[in-house]
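Subject: A structure to look at

Hi,

Here is the structure I promised to hand over. Have a look at it first, then read on for what turned up.

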Amino acid sequence: MIRALDRADRADILAVIDAAAEAYRGIIPPDRWKEPYMPADELAAEIAAGIAFSGWQDGDGLQGVMGVQPVEDVILIRHAYVRPERQGEGIGTALLDALCRDVDRPILIGTWAAATWAIRFYEARGFKLVGEDEKAGLLRRYWTVPERQIETSVVLGDGRWFGGR
């Protein structure tokens, strides 16, 4: 079942993110890795910045999380994670579909360039990589990330992003 997450879910959100982020260990640049991958104060800051999290929950608890953040004229998909043992079951797809439904503006997603599995996941669901020449400008405009992360990330857009331009 997909549901909106709230303050009471923060520990579970962090548990899902930290478990799933293990896939990035040794893949993303070492200077961008930290433990825990998302500290509690960072999650609180992301929520304060307008990210609304939804989650997939079943009898075993929270299995996946994904956030949306309206910024200017776009919607950002943020912090999309599924517990490693539950990946491949359609949880990420269900969350993405639910969060993209009824959206009236273009959707952008940023991820690590080295996370080829994440890029393939989004491409299989209709998102396309934006050009390298456009990526840095988008990351600076819509996200608040350090320059090092801009250097090592990609941005994908939905059909509205590419169709409305």
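Before the first number, one term: a residue is called buried if its relative accessible area is under 20%. By that cut-off, 46% of the 165 residues in the protein are buried. Do keep in mind that this is a predicted model.

The protein has seven helices and seven strands, and along the sequence they come in the order β-α-α-β-β-β-α-β-α-β-α-α-β-α. Its radius of gyration is 15 Å, close to the 15 Å that the globule rule gives for 165 residues, so the protein is as compact as a globular protein of that length. The C-alpha trace spans about 45 × 40 × 30 Å along its principal axes. If you look at contacts with a separation of 6 or more, 66% of them are between residues 24 or more positions apart.

Next, the empty space. Rolling a probe the size of a water molecule over the atoms shows where such space is left. The largest pocket here has a volume of about 1,100 Å³. Its lining takes in 45 residues, and those nearest its centre are Tyr24, His79, Ala80, Tyr81 and Gly110. Sorted by class, the lining has 25 nonpolar, twelve polar and eight charged residues.

Which element gives the most to that lining? It's S4, with six residues. Several other elements supply at least two residues each, including strand S3 (61-71), helix H3 (91-100) and strand S5 (107-112). Helices H2 (40-48), H4 (116-124) and H5 (132-142) are also among them.

You'll find tyrosine 81 in strand S4, and it is one of the residues nearest the centre of the largest pocket. Is tyrosine 81 buried or exposed? Its relative accessibility is 10%, so tyrosine 81 counts as buried.

What is tyrosine 81 in contact with, leaving aside its neighbours within four places in sequence? The list runs Val16, Ile17, Ala20, Ala21, Tyr24, Tyr37, Gln63, Gly64 and Val65. Tyr24 turns up again here: like tyrosine 81, it is among the residues nearest the pocket centre. Isoleucine 13 is 68 residues away from tyrosine 81 along the chain, yet their C-alpha atoms are separated by 9.2 Å.

Over to you!

Definitions and conventions. Residues numbered from 1 in each chain as written. Predicted model: local features only at pLDDT ≥ 70, side-chain atom pairs only at ≥ 80, totals over all residues. Heavy atoms only, no water. 1 Å grid on protein atoms, 1.4 Å probe; cavity = no way out; pocket = protein on both sides within 12 Å on 5 of 7 lines; lining within 4 Å. Points joined across faces, edges and corners; volume = space filled by probe spheres on them. Helix = DSSP H or I, 4+ residues; strand = E, 2+ residues; numbered from the N terminus. Nonpolar A, V, L, I, M, F, W, Y, C, P; charged D, E, K, R; others polar. Rg over C-alpha atoms; globule rule 2.2 N^0.38 Å. Buried < 20%, exposed > 50% of the residue type's maximum accessible area, 1.4 Å probe, protein only. Contact = heavy atoms within 4.5 Å.
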